[in-house]
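These are my notebook entries on one protein chain. I set down what I looked up, entry by entry.

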Amino acid sequence: MTGNTFRHRPWPLGLANRLAGSLRLDQRVRLDPDELVSCVGAADLGDGDWRDRLERLCVALNEQARLNLVGRLSARSHLLQLLRNRLTLAQARAQDPQISAGSIAAPLFITGLPRTGSTLLHGLLSQDPALATPLTWEVMLPPRRSGFSRDPNATNVARPQVG
C-alpha cells in the first residue's frame with residue numbers, strides 16, 4: 001500500500017469539496033448547538049451535561065477539525081441523528097419512569113482497534129444467553145416502544161418489558 005491509499009476519494013466528492021471551498025459554501029453548513037437543537041424541535045432533551053458537551057464538540061468541529069463541505073454535512077447529519085435519539089429516549093423516560101428503574105449489575109465493554117478481533121469477541125459473547133449484547137441498530141437507533149423485547153431474563157442488563 002502506498003501512503004495515498006487512504007486519502008483517495010471519489011472524484012465527484014473531491015470536485016464538490018473544491019467548488020464548495022472556493023465559494024465558501026462549507027461555511028453555510030452550520031454546526032451551531034442552538035440551531036441543531038431547534039432542528040430537532042426538542043422542548044426537553046433530558047437532564048445531564050449533554051448541552052455543555054454538545055457546545056464543546058461544535059466548537060472543536062468549527063475551529064479545529066478543518067472540515068470540508070462533505071465533512072460538515074456528515075458531522076451535521078450525525079449530530080442531528082444523535083439528538084433525535086436523545087429526544088426519543090427522553091420522551092420514553094417521561095412516559096414510563098420504570099425504564100430507568102432497572103440496574104446493570106456488571107456491564108462488559110469491548111473496545112479495540114480495527115482488525116483486532118473485537119467484532120469476533122462481541123459475536124462470541126452474544127452466544128451466551130445470560131448476556132444481552134446489543135445489535136448494531138440498537139446502538140445506533142433507540143428502540144421503538146412497539147413490541148421490542150429480546151431477552152428480559154438476561155442477568156447483566158435491565159430491559160423494560162414492552163407490551
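In which loop is Gly-41 found? I located Gly-41 in the loop between H2 and H3, with helices and strands taken as DSSP runs numbered from the N terminus (helices H or I, at least four residues; strands E, at least two).

**Entry 1. Basis of the model.** I worked from a predicted model, in which local features need pLDDT of at least 70 and side-chain atom pairs count only at pLDDT 80 or more, while totals for chains, interfaces and linings use all residues. Residues are numbered from 1 along each chain as its sequence is written, and side-chain values use heavy atoms, with hydrogens and water left out.

**Entry 2. Overall composition.** I counted 6 helices and 0 strands, in the pattern α-α-α-α-α-α along the sequence. Of the 163 residues, 23% count as buried; here buried means under 20% relative accessible area, exposed means over 50%, and partly exposed is in between (1.4 Å probe, protein chains only). I noted an accessible surface of about 12,200 Å², with 56% of it belonging to carbon and sulfur atoms; areas come from the Shrake-Rupley method with a 1.4 Å probe, and for residues only the protein chains shown count as cover. I then looked at contacts (heavy atoms within 4.5 Å). Among those between residues at least 6 apart in sequence, 60% join residues at least 24 apart.

**Entry 3. Gly-41.** I returned to this glycine, which follows H2 and has a positive phi, near 75 degrees. Gly-41 counts as exposed because its relative accessibility is 56%.

**Entry 4. The nonpolar core.** I searched for nonpolar cores, meaning sets of buried Ala, Val, Leu, Ile, Met, Phe, Trp, Tyr and Cys residues joined through side-chain atoms within 4.5 Å. The largest has 15 residues, and Val-37, Leu-45, Leu-54, Leu-79 and Leu-83 touch the most other members. Helix H2 (33-40), helix H3 (50-63) and H4 each supply at least two residues of this core. H4 gives the largest share, 5 residues. I listed the contacts of Leu-79 beyond four places in sequence: Leu-31, Leu-36, Leu-54, Leu-57, Cys-58 and Leu-61.

**Entry 5. The buried face of H2.** Which residues of H2 are buried? I found Pro-33, Leu-36, Val-37 and Val-40. They line one face of the helix, because seen down the axis of H2 they fall within an arc of 95 degrees, the arc being that of the directions from the helix axis to the C-beta atoms. An α-helix has 3.6 residues a turn, so residues three or four places apart point the same way. The buried residues of H2 pack against H3 and H4.

**Entry 6. Salt bridges.** I found 6 salt bridges in the structure, each a side-chain nitrogen of Lys or Arg within 4 Å of a carboxyl oxygen of Asp or Glu. One of them joins Asp-34 to Arg-51, with the closest N and O atoms 2.0 Å apart. This pair links distant parts of the chain, since Asp-34 is in helix H2 and Arg-51 in helix H3, 17 residues apart. Arg-51 is partly exposed, at 24% relative accessibility. I traced a network of salt bridges through Asp-34, Arg-51 and Glu-55.

Another bridge pairs the side chains of Glu-35 and Arg-76 (2.7 Å, N to O). Glu-35 lies in helix H2 and Arg-76 in helix H4, so the pair ties together parts 41 residues apart in sequence. A further bridge is that of Asp-32 with Arg-30 (3.4 Å, N to O). Asp-32 is partly exposed at 25%, and Arg-30 is partly exposed at 45% relative accessibility.

**Entry 7. Arg-76.** Is Arg-76 buried or exposed? I recorded Arg-76 as buried, because its relative accessibility is 17%. Beyond four places in sequence, Arg-76 touches Val-29, Arg-30, Leu-31, Glu-35, Leu-36 and Cys-39.

**Entry 8. A nonpolar surface patch.** I noted a nonpolar patch of about 260 Å² made by Ile-110, Leu-121 and Leu-124. Patches are made of residues with over 30% relative accessible area and no salt bridge, like charges being joined within 9 Å and nonpolar side chains (Val, Leu, Ile, Met, Phe, Trp, Tyr) within 5 Å. Ile-110 is in the loop between helix H4 (69-95) and helix H5 (118-125), and is partly exposed at 31% relative accessibility.
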